[in-house]
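Please read them with the model open.

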Amino acid sequence: MKREIPLLIAGIVGCVLVIQYFIPHTPFGTLNDVFSDWFSIIQATAIWLGALNLIKVAGDKVYKKQKDWPFSLIIIISFFIMVVVGFFFSGGRRFLEPGTPFSQLYDYVYSPLMAMMFALLAFFVGSASYRAFRARNKEATILLLAAFFVMLGRVPLGDALTGWLPQSLHMSNVASWIMNVPHLAGQRAIMIGIALGTVSTSLRLILGIERSYLGGE
Amino acid sequence: MSTFGIWIGAILTLGILSFLYKDNPFYKLCEAIFLGISAGYWFVSLFWQNLVPKLFDNLGVTKLVGFQADDGALQNLFGRGQYDERIWYLVAGVLGVMMLMRLVPKAGWISRWPLAFVVGTTAGVYLTRYLASNALDQINSTLKDFVAIGQPGFLSGMNFNYLLVLIGVLAGLTYFYFSKEHKGITGGAARIGIYFIMVTFGASFGYTVMSRMSLLIGRLDFLYREWLHLIR
Amino acid sequence: MKQKFWLGLLVVLLIAAGPHAQESATAAPDSGASPLVKPPGEVIASDTPNDAGGSITIKWERSPDDIAGVAGFGGYNILRGTSPDGPFESIGETSGGGDPDDPMHKTYLDNNTTDGVAYYYAIDSKLNGTMARAITATAIVSKQQWFNFGLVNMLIATVFLISAILYFISSAKSGKKLYIRKIAGLEAVDEAVGRATEMGKKIFYIPGTQDMDNVQTIAGLTILGRVARLTAQYEARIDVPVSRSLVMVTAREVVKEAYLKAGRPDSYTDDMVYYLTDDQFGYAAGIDGMIVRQKPATIFYQGAFYAEALLLAETGNSIGAIQIAGTAMPSQLPFFVAACDYTLIGEELFAASAYLSHEPRLLGSLKGQDWGKAAIILALLLGFLIQVSGLFDFASLFSVAGG
Amino acid sequence: MAGESLKKFLEKMMGIDRRVIFLLIFVALSIPMFIAIKMKIPVSPEVESLVDTMRNLPDGAKVMISLDYDPSSEPELQPMAETFFTYALQRNFKVIVIGLWPQGAIQAERAKTVAETKAGRQFEYGVDYINLGYQSGNELVIQRMGSSIPAMFPRDYFGQPIGQYPIMQGVRNFSNIDYVFNLSAGYPGTLEWVLFAADPFHVVVGAGNTAVQAPQMYPYLGKQLKGLAGGMKGGAEFEILTNLEGRAVKYMVGQTFAHTVIVLFIIVANVAYFATRGGKKGGAL
């Protein structure tokens, strides 16, 4: 029973949602939105489990004085600062409005961390292309050439280098041809494959053939 | 932004940047702050943005416990005797509580019910979601622009490009064929397919470089201009 | 053309009540208005098809002044009432000019109707402060429909695919042998787990940064089940840091089940799966730190990824870990290809669990997918011939109108 | 001898420390920020038509700018906003600001300050500038503005009723707006402006997009979309054509440097790869 009922729930819910796609009539037409609200509610309760787990793992480290335990302590402290400020000192559900202590923590601490982490990509893009774009074999050579042309076509330098060629062979035009023809074709093949893969995976989940997410008895 | 805020931002920015050189205590500090702050942010946000409006407001719990809010399903149902469809949100509340039962070792198995609901919903939604935009629409756009024979532009470069796209799509699809050995015609087509896919990857990569550089430019601008006032 | 084709097919496939499109035509234009502007022609209102009610589409012949492009033409006011004699209440206005596909007419969508109420619509054309009116002749009622006729092609495609997959699942169950080609990334899983064991180092498994409402995450977790079974057999240590609480809960069930099936339930602990943060970059910062400090021998990335993909994979690469990635996010695939040893591309991610399990029913579903691919290839070839010969617009059969 | 040492050097390059690459990218992006380097940036027809449309507006025209992005796209789109505001000051345009993204209004205020310093002139609030702030509803906001702008935005960003401001006198819907400039980083954005404003209400719409989004908008250029500036490069061209060279032009030099560094590295890597591979046979696949 510990597995049968969940399998039944997944199957029924899945079938209903597939059918509702084709039916605008109530209650089907809005079912998707309602279920996505329900998901949000489950998600919002489940985050208590995640947060408790984070505190437990970090707390263990501090308690056992494992390597780097002071940093675990900082995780716990900054978590609680954010939570206490967000729950009690930022005007309830208006917690994100400009000027609240919560939004100030967001602007001054959270947001620069996010932005810099994101910007590290500029460096990693460089090191990844240095290593990956070597003409080791046919596939790698094609990868390299496509990247090379598109990268150059995106900056004025590319056109400056190819200025002596006819207009259609200017680097920026070559780059946009690559984007609009072979790149598009490959992209479409990948997308169609993904569509088929999702249908099949979804169906396996609805039928209960794929059930490892339910765990054992 | 206040000077104080800019200084904090700049210090944290440098901390993350220092990871490029190597792992160090400064980065560890920023990482720990980042983990704690962001986990706390999501914890608070999900409460105020999901739980309160979607569960407590709809049911009327917010008003019941004394906060200012509109009437919810409970008030309508028991106060006025009117049916209110929002009462169904109670089911979601129950599913949420079942999820929390994982904290009780003996009753943890009940959390599989909400899990099954979530998986069922996702499967149901995705079964149709990609089929329209990723398959049918793509077939449509691959075919729709072809110029028919005898029409002006039949022998144009554009029409040739459409044909090339078609060939690429066909070859690419053959690459994804699982139940046939990639030999003979299938093998040849699959090989051409992987070439097209490689162009796709290379081009996407090259294409993204610019926006990634822009991100870093934005950060350097923050450091040099707003923090150090080195440039105007 | 397209409409007829599908409707013909639909009669065979479906027993459904069609939408009884009620239409009402106009009365003679109200001649009492100022002679300075010419009124719009016939006004037709009809229930908007394929929707959940609450909407009426109004279409009218453009005023001759609008068509002639008279200077100072000020567009139209749209008014609504419950009786042909008024009173009419203004519900909106629109500029002059025709519809893109019907230059003689103008359309307006009233999305604020109550189902079951009979409405009349009036259209005023405007020129230099003068107005002239045309009114619908009969009442029109909006209502909900039971089937979205814009999705007939989707229905056919869905039914075809589901039947193909179901057919091959059942034929696989009956013991028919199915061939599946090699997928290099998955062939390497065994070796990657084995190497970590030999080196006495950890294996990291990253199931993406999206929640359980993304099917890629679920696909990633099913692959986790197969990988965890191997780590149980090899007695290697697997770490699953996650960025969503629901994923944590699910991943624990999956890993626990895998250890049970491998006959080593005692080796499993909840600590193998732990939550870091929901934020994509916070998560990346945490994992990057763990990668350089703990130096895992093998890292799996299976699921849905955004910009953090390269942040993780490039750091993993810098410590020399074997990396096997898989995602159906087209924008992130190039970065995994550049930084990982093996990458499962799109559909291969969804096939991985079936491939690794060798379970006939799952493999059968792959064969079903292939039939879908074959049908699409056929449609593309056929479509090309029809399109180029100029027979009819075959492509439009695949354009999805509703949904 | 020379060949020997070259080979050694190339062998070293094969396994070069990634930190060297990091450093070079950092330097390449930093240098142009401090030293003014002139670079010729060719202008694309899309940006040319964008600026032409603006040029053809009468002085004092009523324009709307919709800022549909957040700080993460700031490096690409903020320079365009600054240029637009500066140009508006020069031409005495009456500017109405809205945002379909919550952060749009703040971005506008920041860009306005920069523009005022640059133009040496201030907007008079309520007379030639108003910030209507953000409204939720995505494309529905655009749709409803088609029938009534005051109904969709009864108050401005600072909570004041808009009726009291001279700039809003006579503004009822899109027919009273001469031009809409949209800065977009995704949904809702340019696509929605084209489908829900340009198509049904025949509003003149021009746009600035992030580099990632821009190619998807090309099909709409011409009748539906009067000009498009894509990414930092588009922003630089926009600045050149309006004679307001600023941050984007400057940063474009950095972009070019960084791209060049990466391209050079790819070339070096391949040269090194082939030189050091020597007699060894390449892999089969």
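1. Chain A meets chain D through 23 residues, which are in contact with 24 residues of chain D. Contact here is C-beta atoms, placed from the backbone, within 7 Å. On the chain A side, α4, α5 and α6 (156-161) each give two or more residues. Helix α4(A) gives the most, with eight residues. By class, this side of chain A has 15 nonpolar, four polar and four charged residues. Nonpolar covers Ala, Val, Leu, Ile, Met, Phe, Trp, Tyr, Cys and Pro; charged covers Asp, Glu, Lys and Arg; the others, Gly among them, are polar.

2. A word on the basis. This is a predicted model, where local features need pLDDT of at least 70 and side-chain atom pairs count only at pLDDT 80 or more, while totals for chains, interfaces and linings use all residues. Residues are numbered from 1 along each chain as its sequence is written, and chains are lettered from A and ligands numbered from 1 in the order in which they are written. Helices (H or I, at least four residues) and strands (E, at least two) are DSSP runs, numbered from the N terminus.

3. Chain A also touches chain B. Here 98 residues of chain A are in contact with 93 residues of chain B. Six helices of chain A each supply at least two residues: α1 (4-20), α2 (28-63), α3 (69-88), α4 (101-132), α5 (138-153) and α7 (171-207). The largest share, 23 residues, comes from α7(A). This side of chain A has 76 nonpolar, 14 polar and eight charged residues.

4. Chain B has eight helices and zero strands. Its radius of gyration is 29 Å, whereas a compact globule of 232 residues would have one near 17 Å. That radius is taken over C-alpha atoms, and the globule rule is 2.2 Å times the number of residues to the power 0.38. Along the principal axes, the C-alpha atoms of chain B fill a box of roughly 75 × 60 × 45 Å. Of the 232 residues, 51% count as buried. Buried means 20 or more other C-beta atoms within 10 Å of a residue's own; exposed means 12 or fewer, and partly exposed lies in between, with C-beta atoms placed from the backbone.

5. Look next at α1 (residues 3-17) of chain B. Which residues of α1(B) are buried? They are Gly9(B), Leu12(B), Thr13(B), Gly15(B), Ile16(B) and Leu17(B). Their cover includes α4 of chain A, along with α2 (25-59) and α8 (184-227) of chain B.

6. Chain D holds an open sheet of six strands, in the order β3-β2-β1-β4-β5-β6, with parallel pairing. Strands pair if DSSP finds at least two bridges between them. The edge strands are β3 (129-134) and β6 (228-230) of chain D. Six bridges join β1 (residues 62-68) to β4 (residues 179-184) of chain D. Within this pair, Ile65(D) has Phe181(D) as its bridge partner.

7. Two helices of chain D deserve a look. Helix α4 (residues 74-91) packs on the sheet, and its direction makes about 160 degrees with that of β4(D). Helix α9 (residues 231-241) lies across β5 and β6 of chain D, at about 130 degrees to β6(D). Axes are lines fitted to C-alpha atoms, for helices over the stretch in contact, and angles run from 0 to 180 degrees between N-to-C directions.

8. Last, chain C. Pro103(C) sits in the loop between β5 (89-94) and β6 (105-110) of chain C. Is Pro103(C) buried or exposed? Pro103(C) is exposed, because 11 other C-beta atoms lie within 10 Å.
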